[in-house]
Every structure is written in C-alpha cells, then in structure tokens.
Amino acid sequence: ELLDWLAVSFIESGWDIKKLHKLILMSSTFRQSSKHQPELLAMDPENKLLARGPSFRMSAEMIRDNALSISGLLVNTVGGPSVYPYQPEGLWDEISNKVWRYKYLQEPGEGLYRRSLYTIWKRSSPPPSMLIFDVPGRDVCTVQRANTSTPLQALVLLNDPQYLEAARVLAEKVMTNGTTGTEDQLQQAFRMATGRVPQPEEVGLLLEFYQEELDRFSIDPVSARQYLANGETAPSEKLEPIQLAAMATVVHGIINTNESYTLR
C-alpha cells in the first residue's frame, strides 16, 4: 500500500524525482531512530511495517566527508577536475616501474578537503583509506557494497592524516567558539561527532581521558607540537599547544568510536 501511494504521488507530481526523494527523506519514517520499543518489537519483529529505522555503518565516502564537515574543513565547491587528498607517499610508484608512470600530485590547498566524490581514482590503485572501508573497485560492476568491520578500519581512523587533522581542527573549533569549561567543550565535540548528547558516565570518561593526555603532553611538550603538526592546516597560535593537543586527542578518540560513523 505504501509503494502504491508513493507511485501515485510520483505520477501526480509529473514524475518529479527530486520531489519524490524529498518526500521520502523528510518523512518521520525515514528519519526515525533504530532504537526499538518492546511493544513495537512484539508487533513487528521483522520491521515489515517500518516501526524502526535501520542501523548501518556509513559508506567510505561518508565517513571521510563527515569528519571534514564537522571540523569545518570540507570544501563544498561543485564540479571541476579530480583532486589528490592525502595518500601514503610512493604508493603509486610501487605498482609501476615505468619511467613514464603517472605521479600522484598531492599539493596543499582545497583539493585536500574536497568531497570524496572528487578524489582521483586509479583503477589499479584505488584510494587506500576508502578501499579499507569497503569501497568497491571500478573494474567490475558492484550491485551492493560489502559492509565489514575490521581492525584496519580503526587503524585508518587513528593514523590517516585526514582524520588527525580533522580532529585537531574540531578541537580548535570547540575551544574558540565561546564555550567555557573543558566539560562543555567535550560535550559539544561529542554531540557534533555522534549526533547525540553524551551520558554522564561518558562525560566522566572523556574528562578522565583529557586529564591523562594533558598530563602526558605536559611532561613532553615536544610531542604535543609534533602531534599538532599533522596535516597541511596550521594549528591555531591563539591556543596553548599542550591543551590543544590534549583536546585534539580526545576528539580524535571520539571520531574513532562506532557512534561517530554509524547511522542509527
């Protein structure tokens, strides 16, 4: 019945595809949480009546774009040639020994922060960080992507300069937007990364983590500056490096949790 109704609405709109998309996306059914209620679960255990929303990990492109977006680094320019975001140095050289082989042209600028849609794609060497998050190769047709959970994915989020930089810039944002107090700053960062308010016990863990990092960087200030040097965007000179490094580490930890890249 729902499909019939949508089909009639689609026809009556003059086959307006954008209007159909907006109708679905703005519906309460599409926007509902994946959390289930006992009475609805008993009534609709297989969710045939759409009593709850789905829960799934973001796609490879969405994970990267989301991190850039919440930090404020994402460049929304539409169109143009492919861009060259961060990639392990020499990766393309390893798969070809030809003198005329094509070079990876990474350079500073907005190309590092464009949407993943515009990332340069070499068929024999797809973007490695997206490949680890199950982006399919382009040598064959893929009807549906795999959706795996592997240790390599956590390593990408922990070590890729793109995520280190995004976490640090997000830390700068919450420390300079007028929010006073470490606890409020951590809560704001958590909300931006996960889309929900942290529980009291989670706030306690974040504060404990922050204090541990603050103590660690206070003992070794050089490591704080080295940590902040990740990425092409220069760290803010208005913030104390040790405090910024501690906040950035905690924010980076939040981004690396299941909550930050799972749609519920």
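Leaving aside its neighbours within four places in sequence, which residues is Arg-168 in contact with? Taking contact to mean heavy atoms within 4.5 Å, Arg-168 touches Leu-228, Asn-230, Thr-233, Ala-234, Pro-235, Leu-244 and Ala-248. The residue has its place in helix H9, and with a relative accessibility of 2% Arg-168 counts as buried, where buried means under 20% relative accessible area, exposed over 50% and partly exposed in between, for a 1.4 Å probe and protein chains only.

The model is a predicted one, in which local features need pLDDT of at least 70 and side-chain atom pairs count only at pLDDT 80 or more, while totals for chains, interfaces and linings use all residues. Residues are numbered from 1 along each chain as its sequence is written, and side-chain values use heavy atoms, with hydrogens and water left out.

As a whole, the protein has 13 helices and two strands; these elements are DSSP runs numbered from the N terminus, helices being H or I with at least four residues and strands E with at least two. The C-alpha trace spans about 65 × 60 × 35 Å along its principal axes, and of the 264 residues 38% count as buried. Among contacts between residues at least 6 apart in sequence, 63% join residues at least 24 apart.

Helix H9 (residues 161-176), which carries Arg-168, also packs against helix H8 (residues 151-159), with the axes 5 Å apart and at an angle of about 50 degrees. Here the axes are lines fitted to C-alpha atoms, for helices over the stretch in contact, and angles run from 0 to 180 degrees between N-to-C directions. H8 and H9 are therefore oblique to each other, given that angles under 35 degrees count as roughly parallel, over 145 as roughly antiparallel, 65 to 115 as roughly perpendicular and the rest as oblique. On the H8 side the contact involves Val-156, Leu-157, Leu-158 and Asn-159, which meet Pro-161, Tyr-163 and Leu-164 in H9. These residues divide into six nonpolar, one polar and no charged, with Ala, Val, Leu, Ile, Met, Phe, Trp, Tyr, Cys and Pro counted as nonpolar, Asp, Glu, Lys and Arg as charged, and the others, Gly among them, as polar.

Another helix pair is formed by H11 (residues 200-219) and H12 (residues 221-228), whose axes come within 5 Å and cross at roughly 110 degrees; H11 and H12 are therefore roughly perpendicular to each other. Phe-217, Ser-218 and Ile-219 in H11 meet Pro-221, Ser-223, Ala-224 and Tyr-227 in H12, and the residues of this contact divide into five nonpolar, two polar and no charged.

Turning to the aromatic rings, the count comes to three aromatic pairs, where rings of Phe, Tyr and Trp (its six-membered ring) pair if their centres lie within 6.5 Å, and planes under 30 degrees apart count as stacked, over 60 as edge-to-face and the rest as tilted. One of them joins Phe-10 and Trp-15 edge-to-face, at 5.2 Å centre to centre and with 80 degrees between the planes. In another, the ring centres of Tyr-84 and Tyr-104 lie 5.1 Å apart and the planes are at 75 degrees, so this pair is edge-to-face. The pair links distant parts of the chain, 20 residues apart, with Tyr-84 in the loop between helix H5 (60-71) and helix H6 (91-94) and Tyr-104 in the loop between H6 and helix H7 (128-132). Tyr-84 counts as buried, at 13% relative accessibility.

Trp-15 is found in the loop between helix H1 (2-12) and helix H2 (17-25) and is exposed, with a relative accessible area of 55%. Leu-50, not a glycine either, has a positive phi of about 55 degrees; Leu-50 is found in the loop between helix H4 (38-43) and strand E1 (56-57) and counts as partly exposed at 39% relative accessibility.

Charged side chains also meet rings, a charge sitting over a ring if NZ of Lys or CZ of Arg is within 6 Å of the ring centre and within 35 degrees of the ring normal. Arg-114 lies over the face of Tyr-118, at 4.2 Å from the ring centre, and the charged end of Arg-138 sits over the ring of Trp-121, 3.9 Å from its centre.
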